[in-house]
Amino acid sequence: MRPPDPSEMPATGASNVRPRVRIQTPALAHEAAQAAANARPTDALRGSPRGEQDSALTVGREAIFDVQDLSVSYGSSQAISGVTLQIHRNLITAIIGPSGCGKTTFIRSLNRMNDSVPGFTIDGKILYHGHDIYDRGVDRVEVRRRIGMVFQRPNPFPKSIYDNVAWAPRNLKMKSGLDERVERALRGAALWDEVKDRLKDSALGLSGGQQQRLCIARAIAIQPDVLLLDEPASALDPIATAAIEELMQTLKNRYTIVIVTHNMQQAARVADRTAFFNLDASDGRRTGVLVEYGDTDVMFTRPADTRTSDYVTGRFG
Ligand SMILES: Nc1ncnc2c1ncn2[C@@H]1O[C@H](COP(=O)(O)OP(=O)(O)OP(=O)(O)O)[C@@H](O)[C@H]1O
Ligand SMILES: [Mg+2]
């Protein structure tokens, strides 16, 4: 797959609702990078916004997202504060943490899905291939073309199976070879064999697990670069969940995947890297913060922060 070229993100005035964005100056960004570099090694980072651990998995691997000091608010209420982390190519990165700690807020910020939420504001930066996705002149539609999303509840359109998968390519005028594109997406989502003889049937007649794989097919039909999955299996039974988890392992060869999950076993099973978010109440308000981030086996067996070990061992949350 051709890597996205940030310069191809077209300038546009198409977005009516623009969040308030504080743009860091290059000098500040440089100072922040310097401070982050100086702040390693990780033992000194307990409780700091940058809880990231060095890893053989990430050394030399391209960072698709470079999130810098990200804070998100809805009106006067701050949902997450000071999140700094990188998400690397062709890995599965899990976001875990107790309810309300900002997992969905974080993942939806990665493809500007929150832009239309009333009162949504962000501070800090989200660099995607080095390009600030909240920069003026970046087209939200183009961002979502490259960064696809699948939600907690399967949400097929009340259309045929074929038309669900063909929907985004048609909207983006990718009409040539549409049949092949639909088949490729359905095969990619491990659904083709189950639906190839009923492509004109309503998608609403599929089982929950099939519907969720259809939503994944719909997301990959336009060949994005990144797949964001917000609790994609929480509404599914164990067999359908296993199918989605297996599928993720195949998809990560082609996509960079970020998954929010409440299910600790699922994070341990599927994710290469895990970020633990928690609610911090130290200033009297409850805000989501990134506590610790590292390779999944480290996060689950020898985390650096007691809050992480308490959470992953089920002591709270
Ligand atoms: N659209 C919204 N408008 C106002 N506040 C919101 C909105 N979405 C989320 N919030 C608030 O932001 C905080 C973080 O919510 P978020 O949904 O990101 O948490 P979460 O970690 O995904 O929780 P869960 O595990 O329950 O899904 C919560 O206090 C929530 O009430
Ligand atoms: Mg959520």
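1. A quick word on terms before the tour: helices (H or I, at least four residues) and strands (E, at least two) are DSSP runs, numbered from the N terminus. By that count the protein chain has 11 helices and 11 strands. This is a predicted model, in which local features need pLDDT of at least 70 and side-chain atom pairs count only at pLDDT 80 or more, while totals for chains, interfaces and linings use all residues. Residues are numbered from 1 along each chain as its sequence is written, and chains are lettered from A and ligands numbered from 1 in the order in which they are written.

2. On the chain as a whole, 42% of the 317 residues count as buried (20 or more other C-beta atoms within 10 Å of the residue's own; exposed means 12 or fewer, partly exposed in between, with C-beta atoms placed from the backbone). Among contacts (C-beta atoms, placed from the backbone, within 7 Å) with a separation of 6 or more, 72% join residues 24 or more positions apart.

3. The neighbours of β4 come next, with pairing taken to mean at least two DSSP bridges between two strands. Strand β9 (residues 256–260) runs parallel to β4 and is joined to it by four bridges; here Thr 93 has Val 258 as its bridge partner. Strand β10 (residues 273–280) also pairs with β4 in the parallel sense, over four bridges, and Ala 94 is partnered by Thr 274 of β10.

4. Strand β7 (residues 147–150) is likewise covered on both faces, with Ile 147 and Met 149 buried on one side and Gly 148 and Val 150 on the other. β7 is joined by four bridges to strand β8 (residues 226–230), and the two run parallel. The bridge partner of Ile 147 in β8 is Val 226.

5. How do you describe two packed helices? By the angle between their axes and the distance between the axes. Helices α4 (residues 161–171) and α7 (residues 208–220) pack at about 30°, their axes 7 Å apart (axes are lines fitted to C-alpha atoms, for helices over the stretch in contact, and angles run from 0 to 180 degrees between N-to-C directions). Ile 161, Asn 164, Val 165, Trp 167 and Ala 168 of α4 meet Leu 214, Ala 217 and Arg 218 of α7.

6. Staying with α4, its buried residues are Ile 161, Asn 164, Val 165, Ala 166, Ala 168 and Pro 169, and their cover includes α5 (178–188), α6 (192–195) and α7. Ala 168 counts as buried because it has 20 C-beta neighbours inside 10 Å. Beyond its neighbours within four places in sequence, Ala 168 is in contact with Arg 218, Ala 221 and Ile 222. Its C-alpha atom is 6.7 Å from that of Ile 222, 54 residues apart along the chain. Just after α4, Lys 173 takes a positive phi of about 60°.

7. Finally, the ligand: of the 13 residues around ligand 1 (C-beta atom, placed from the backbone, within 6 Å of it), Tyr 74, Ala 79, Ser 99, Thr 104 and Thr 105 come nearest. Helix α2 (residues 103–109) gives the largest share of this shell, three residues.

How values were computed
Contact = placed C-beta atoms within 7 Å.
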